[in-house]
Amino acid sequence: MVNVLGDVAETRPAALSGVPEALAVPTAALHWYGKRDVRPLRKMGHVTAIGDDVEQASDRANEARDELSFE
């Protein structure tokens with residue numbers, strides 16, 4: 001599991017992009033908390049993934065998270 005944090009400089013409405021690309025990563029699942037505003041470093045959700053070992057699961061979760069961004 002890896003957190004999805006607000007990567008913005010100032011508070012603004014939450015508009016997440018890259019979801020289809022993130023969900024295309026094998027076994028990745030996005031857990032979105034439905035918060036209306038994104039703030040700097042605010043936890044907005046998390047990504048989980050499974051793999052044959054911890055390293056593969058971690059790599060997949062990070063790969064999926066890296067596809068996400070706030071517009």
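## A first look around the chain

Serine 17 touches Glu67, Leu68, Ser69 and Glu71, leaving aside residues up to four places away in sequence. That makes a handy place to start in this structure, which is a predicted model. Serine 17 itself sits in strand β3, made of residues 16-17. Is serine 17 buried or exposed? Its relative accessibility is 17%, and buried means under 20%, so serine 17 counts as buried.

Now step back to the chain as a whole. How far does the C-alpha trace reach along its principal axes? The spans are about 40 × 20 × 20 Å. For 71 residues, a compact globule would have a radius of gyration near 11 Å, and the protein chain, with 12 Å, agrees with that.

As for what's tucked away, 30% of the 71 residues count as buried. The accessible surface of the chain is about 4,400 Å², and 50% of that belongs to carbon and sulfur atoms. Contacts also reach across the sequence: take those between residues at least 6 apart, and 64% of them join residues at least 24 apart.

Next, the sheet. Three strands form an open sheet in the order β1-β6-β4, and the pairing is antiparallel. Why do β1 and β4 each have a side without a neighbour in the sheet? Because β1 (2-5) and β4 (29-32) stand at the edges, each has a single partner strand, and one side is left without a neighbour. Neighbouring strands here are turned against each other by 25° on average, ignoring direction.

Let's zoom in on the pairings. β1 pairs with strand β6 (residues 43-48) in the antiparallel sense, over four bridges. One spot to look at in that pairing is valine 4, which stands opposite glycine 45 in β6. Helix α2 (residues 54-66) packs on the sheet, where it touches β1 and β6, and its direction makes about 10° with that of β1. Over at β4, the pairing with β6 is antiparallel too, again over four bridges. Here tryptophan 32 has glycine 45 in β6 as its bridge partner.

Finally, a word on charge. Side chains of opposite charge can pair when their charged atoms come close. How many salt bridges does the structure hold? It holds one. The side chains of arginine 65 and aspartate 66 meet in it, at 3.8 Å from N to O. Arginine 65 counts as partly exposed, while aspartate 66 counts as exposed.

| Residue | Relative accessibility | Class |
|---|---|---|
| Serine 17 | 17% | buried |
| Arginine 65 | 27% | partly exposed |
| Aspartate 66 | 56% | exposed |

Technical notes. Residues are numbered from 1 along each chain as its sequence is written. This is a predicted model: local features need pLDDT of at least 70, side-chain atom pairs count only at pLDDT 80 or more; totals for chains, interfaces and linings use all residues. Side-chain values use heavy atoms; hydrogens and water are left out. Helices (H or I, at least four residues) and strands (E, at least two) are DSSP runs, numbered from the N terminus. Buried means under 20% relative accessible area, exposed over 50%, partly exposed in between (1.4 Å probe, protein chains only). Contact means heavy atoms within 4.5 Å. Two strands pair if DSSP finds at least two bridges between them. Axes are lines fitted to C-alpha atoms, for helices over the stretch in contact, and angles run from 0 to 180 degrees between N-to-C directions. The radius of gyration is taken over C-alpha atoms; the globule rule is 2.2 Å times the number of residues to the power 0.38. Accessible areas come from the Shrake-Rupley method with a 1.4 Å probe; for residues, only the protein chains shown count as cover. A salt bridge is a side-chain nitrogen of Lys or Arg within 4 Å of a carboxyl oxygen of Asp or Glu.
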